[in-house]
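Me: I'd like to learn how labels get attached to parts of a protein model. Could you walk me through some of them?

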Amino acid sequence: MAINMRKIKDFSIRMLIYICAAFSVILLALIILYVLVKGISAVNWSFLTSVTSVLKGTVGIAGNIVNTILIIFGIIRRYTYIRYPLWHVTGLRMNHCVQTDKCRAAIWYTKEALISDCVLHGIKAVRECADIAIRNCDIISPEFGWMCANVTMENTSCEGEYFLLHTDGIRLNNVRLNGKYSFQYVKNVTVADSVLDTKDAFWHAENVKVKNCTVKGEYLGWYSDGLTLINCKIIGTQPFCYCRNLRLINCEMEETDLAFEYSDVTALIRGHIESVKNPRHGVIVADSIGEIIRSDSVMECDCEIVINDSEAGL
């Protein structure tokens with residue numbers, strides 16, 4: 001009797017497994033059929049051989065196909081030498097990995113990524129990505145981070161030209177940057193406790209706050225709108241020309257000649273400015289200024305300049 005009951009239980013469980021498996025297969029087949037019926041008209045050669053890009057207005061799955069093949073064959077390993085390994089990925093988690101200088105254009109069109117304790121040494125390592133967090137990384141990558149949205153970076157060193165070009169939504173903390181033409185055309189940026197050694201930084205930038213940083217390099221911040229620096233040390237020739245809504249609060253300026261030309265500025269400077277040339281509107285307060293140039297102006301310039309050890313503005 002006990003043996004018969006056991007057989008009945010085994011048979012019942014086996015049949016239940018078969019029924020569940022059949023249900024899963026039928027459900028999967030219905031999903032595939034639905035996708036084919038609804039989407040077969042969109043499948044063409046262009047769809048199979050192009051990639052999705054909001055900026056270019058294209059839709060395709062070539063990147064997904066390539067990445068799937070790479071993952072299946074185990075080519076993506078701890079050390080990455082291949083080109084284009086991580087395109088169109090959602091929810092990327094990458095840590096303790098090395099992308100060599102042979103790994104070109106590694107992470108494009110990716111969303112919701114966390115990259116930590118990694119080496120990124122390939123050109124154009126990140127582009128057109130959204131919601132990217134980078135921590136404790138070593139980056140040597142020309143044209144890094146172009147046209148991204150919502151990039152956070154902390155405890156990271158970076159080297160390269162045109163860093164974060166056209167990116168909207170940047171949060172940097174404890175970052176060391178060595179480059180050229182960085183932060184051009186960026187929007188909505190916060191940088192804190194960092195060292196930025198880069199010429200032509202923050203050109204055409206909008207809504208930027210830099211706090212407790214050293215910023216070194218000539219021609220800083222030209223044509224920016226809403227650039228604010230707080231408790232910063234600024235080093236380099238001809239900074240802050242043609243700016244709108246420029247604010248410097250409790251900053252130092254070293255080797256900064258011909259500053260503020262044709263800018264709308266409110267500046268409180270600790271220490272000396274080598275020279276100021278034709279600031280447009282606002283007020284500049286400094287402990288001393290080597291030369292104040294008010295000549296050959298092509299527009300009206302009425303900015304007030306106040307020397308702390310004097311009783312009147314000039």
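Me: What makes up the secondary structure of the protein?

Reply: The secondary structure comes to 3 helices and 24 strands. Helices are DSSP runs of H or I with at least four residues, strands are runs of E with at least two, and both are numbered from the N terminus. This is a predicted model, where local features need pLDDT of at least 70, side-chain atom pairs count only at pLDDT 80 or more, and totals for chains, interfaces and linings use all residues. Residues are numbered from 1 along each chain as its sequence is written, and side-chain values use heavy atoms, leaving out hydrogens and water.

Me: Why is Val-43 called partly exposed?

Reply: Buried means under 20% relative accessible area, exposed means over 50%, and partly exposed is in between (1.4 Å probe, protein chains only). Val-43 has 42% relative accessibility, so it counts as partly exposed. Val-43 lies in the loop between α1 and α2.

Me: How much of the protein counts as buried?

Reply: Of its 314 residues, 40% do.

Me: What touches Phe-240?

Reply: Contact means heavy atoms within 4.5 Å. Leaving aside residues up to four places away in sequence, Phe-240 touches several residues, including Leu-220, Trp-222, Met-253 and Glu-261.

Me: Which residues touch the most other members of the largest nonpolar core?

Reply: A nonpolar core is a set of buried Ala, Val, Leu, Ile, Met, Phe, Trp, Tyr and Cys residues joined through side-chain atoms within 4.5 Å. The largest one has 65 residues, and Phe-144, Leu-229, Phe-240, Leu-248 and Phe-260 touch the most other members. Strand β22 (residues 264-277) gives the largest share of this core, 5 residues.
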